[in-house]
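Please have the sequence and the model at hand while reading.

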Amino acid sequence: QVQLVESGGGLVQPGGSLRLSCAASGSIFSIYAMGWYRQAPGKQRALVAAIIPGGSTNYADSVKGRFTISRENAKKTVYLQMNSLKREDTAVYYCNADLRTVGSAPRRNYWGQGTQVTVSH
């Protein structure tokens, strides 16, 4: 059983900052890519940022220069530092991990439950 537990969402004013965290737990053998996606009302879920074990990162154009993704492999945790937040960043943010569990199960994607980020006065 694998769980991804997110924290750090909330209400913030435009121009403010938030830091999201996502910790993976369970019978995990190895974690490959970890990332953050977001889904705004009426829109499809879209990639925000992703990071692989070696540290290479990938960002959506809309967040480049404002958001930073990082991970602590020993803690099986990924972070998303969000600065200079804009109203259009308002969405539910989901953690994603591409991992293999202990045993013979194939590698697959897991999702967190989501955390709401609202950017508003």
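Which residue does a disulfide join to Cys22?

## Model and conventions

The model is predicted: local features need pLDDT of at least 70, side-chain atom pairs count only at pLDDT 80 or more, and totals for chains, interfaces and linings use all residues. Residues are numbered from 1 along each chain as its sequence is written, and side-chain values use heavy atoms, with hydrogens and water left out.

## The disulfide

Cys22 is joined to Cys95, with S to S at 2.1 Å. Taking a disulfide as a pair of cysteine sulfur atoms within 2.5 Å, the count comes to one. The torsion about the S-S bond of Cys22 and Cys95 is about -80°, so the disulfide is left-handed.

Cys22 lies in strand 3 and Cys95 in strand 9, so the bond ties together parts 73 residues apart in sequence. Strands are DSSP runs (E, at least two residues), numbered from the N terminus. Both Cys22 and Cys95 are buried, meaning under 20% relative accessible area (1.4 Å probe, protein chains only).

## The nonpolar core

A nonpolar core is a set of buried Ala, Val, Leu, Ile, Met, Phe, Trp, Tyr and Cys residues joined through side-chain atoms within 4.5 Å. The largest one has 32 residues, of which Trp36, Leu80, Met82 and Tyr93 touch the most other members. Strands supplying at least two residues each include strand 1 (2-7), strand 4 (28-39) and strand 8 (77-82). Strand 9 gives the largest share, five residues.

## Thr77

Thr77 is found in strand 8 and is buried, with a relative accessible area of 9%. Beyond four places away in sequence, Thr77 touches Cys22, Ala23, Met34, Ser70, Arg71 and Glu72, a contact being heavy atoms within 4.5 Å.

Key: Buried means under 20% relative accessible area, exposed over 50%, partly exposed in between (1.4 Å probe, protein chains only). Helices (H or I, at least four residues) and strands (E, at least two) are DSSP runs, numbered from the N terminus.
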